[in-house]
Amino acid sequence: MTSPQTPVSSGSSSILPSDHQGSEKESSSGAAVSAAPLRVLLIDEDPERARQVEEGLVTNAIVHTTIHTHGRVLLELISKISPDVIIMDCNSPDRDTIESLRLVAQSNPKPIVMFVEEEGSDRMQDAIDAGVSAYVIDGLKPKRVQPLIDTAIARFRHMDNLRNELKKTKDDLAARKAIERAKGLLMQHHGMTEDQAFSSMRTMSQQQGKPLKDVAESILTILGMLMNNKDKGDMS
Amino acid sequence: MTVQLTLGFAQLTDCAPLVVAKEKGVFATHGLDVSLKRFASWAAMRDALGTGAIDGAHMLSPMVVASAAGIGPFPGEFTTAFTLNLNGNAITVSTAVFEAMASMAPETITRRPLSAYALKMLIERRKEDGKEPLTFAHVYPHSMHALELRYWLAAAGIDPAKDLNLVVVPPALMVDALAAGQIDGYCVGEPWNNAAVVAGIGRTLITSGEIWSNGPEKVLAVRDGWANENHETHLKLIAALTESCAWLDDMDNRLTAAQIISTPEYVDAPFDEIVGSLTGRNRQTGGELRVDLPDFNVFHRYAANFPWRSHAKWILSQMIRWGEAPDDIDTRIVANQAFRPEVYCEAVKGLGIPCPSTDEKMEGVHSHAWLLKDATEPVAMGNDLFMDRRVFDPTNIDGYISGFSIRNQTSRLGASDTNQISSLAK
């Protein structure tokens, strides 16, 4: 977790003043911006994605990440770190807790509103599709927050893609194995050549409108059954 | 021709009308192919409805009123023509708070409806002892839970803004938060009160039906624009849900309903934990552990599905009371936008279901069953009392609100909501 404690004066760079490095040396090299970096609270139950998003945000903001904080404890955390922006998984049950900050209370003099409200439904659709929800302090300029939200959306998408790819790779591998084994059985028990075995499977796949993997699995099941019966028959 | 629709629902026992309509084939007989999508937060369901990802939602009735008033995302965009159920929530406190209340005011703890008077004494004692204030939770800023909890507290002289902390906790985490001592009590729907009692960590003090008898809980929320463009589909949806609610109203069907909704794709909770909510048997309230409350969930009788504009106005009156809506808001316009009884009546005309001929009634005047004659056929109604015996006259909301000594004197609305409300009013 990144500590949000280092104070930043206006006129400093947009580079994260992390608690280890301090901001003085870096501020001279960064482009001057008019305001202090925004404080971001990132709430995500998915630690891997949280790390990805945090990595994307730290160059432009002070990021505090929390994985398993809910209800009263979450509200206390918010009042302690006083974030300008809250970024979270749009399906998190904690959203309802955050929404309660929309009404002004003694503990919460600045209500927090959904970021996308001023931006029209395209922007909202974008965020929802990526699974991102963002809340900002009421009155904060959208221009300042936009790059952070865009980064979060991109990182959420990136994680999604990575996971999809991983799943696809696993599926592909499993499919290839099944096809190879089915081919082997056809060659062994039906005297087919490798090409014949493959093209007969492909024909079945086209005729039945099923993926090659499903055809291969059916062949494995049926031939497996027949072979078992045959073995039993031989023994009797 | 079959119309495809997606409806959102929350993991609570009062999702039953939607689930039953799907699983018993009621939607199908009305030519609707409905997919149900579960949401883990009200905010996510609201966004899905607002952006058109879903066509309708099992939504907290005050969320629709808030939208109609111009508060929050999607100002003025939601409406309802169907109340899904009445009552169904309860207030539960930790065993420690219950025992402290019982020892401080034993004479009040045995009376039903259980007043928060003993809690007020406990709060004062804690103040004298220099202890930190108690924390109570509800589920969403614009919810009947929040309004009922505040009403109950304030009726005993407890000011929710000054005497304790109010926080929002997701329902599924309530019991854990109570067990961990992060909160001292909460107002939530089922099965989450029952769960605390069964686990031995809490006691249920009062049910929402005892705070206000037969108040509206969830509604079928739709987008205003969708309702206009899909009027026939909307009518079919209401007709199907009316049939489903009528079926649910028969106590003999509630066990079957409990079995259907307990499955993993719906409430995903053991049958034993949710059956009490639907049958009203072996409920807990008033600190007692086994009470029969047949009206704990009302799905159809008492003209339950008719969206009374007086209900919308009561919700709005409480929002004004707590600084969540401006006191000069036009309550008539907001109620007309939020609740659409005329659409409901059009939808059920062919089903032989009687429909009230008026869209408002006095609330808090009937202490027992009564007959509503101002309807296409007389309707047997339930009582509509408030726990403090106040009367709500929908034509005199200002007078009603000024009768409360405990209220927020200043607005709690932020700048963006204030702007939204005034631009919607234009």
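## The sheet of chain B

In chain B, five strands form an open sheet with mixed pairing, in the order S2-S1-S3-S11-S4. Two strands count as paired if DSSP finds at least two bridges between them; strands (E, at least two residues) and helices (H or I, at least four) are DSSP runs, numbered from the N terminus. Strand S2 (32–39) and strand S4 (78–83) of chain B are the edge strands, each with a single partner, so one side of each has no neighbour in the sheet. From one strand to the next, the twist averages 35 degrees.

The model is predicted: local features need pLDDT of at least 70, side-chain atom pairs count only at pLDDT 80 or more, and totals for chains, interfaces and linings use all residues. Residues are numbered from 1 along each chain as its sequence is written, and chains are lettered from A and ligands numbered from 1 in the order in which they are written.

## Pairing and packing

Strand S1 (residues 3–10) and strand S3 (residues 56–60) of chain B pair in the parallel sense over two bridges. Leu7(B) stands opposite Gly56(B) in S3(B).

Helix H1 (residues 16–23) of chain B packs on the sheet and touches S1, S2 and S3 of chain B; its direction makes about 140 degrees with that of S2(B). Angles run from 0 to 180 degrees between N-to-C directions, and axes are lines fitted to C-alpha atoms, for helices over the stretch in contact.

## The contact between chains

Chain B and chain A each give 29 residues to the contact, where residues touch if their C-beta atoms, placed from the backbone, lie within 7 Å. On the side of chain B that touches chain A, the largest share, five residues, comes from H3(B).

Note on methods. Contact = placed C-beta atoms within 7 Å.
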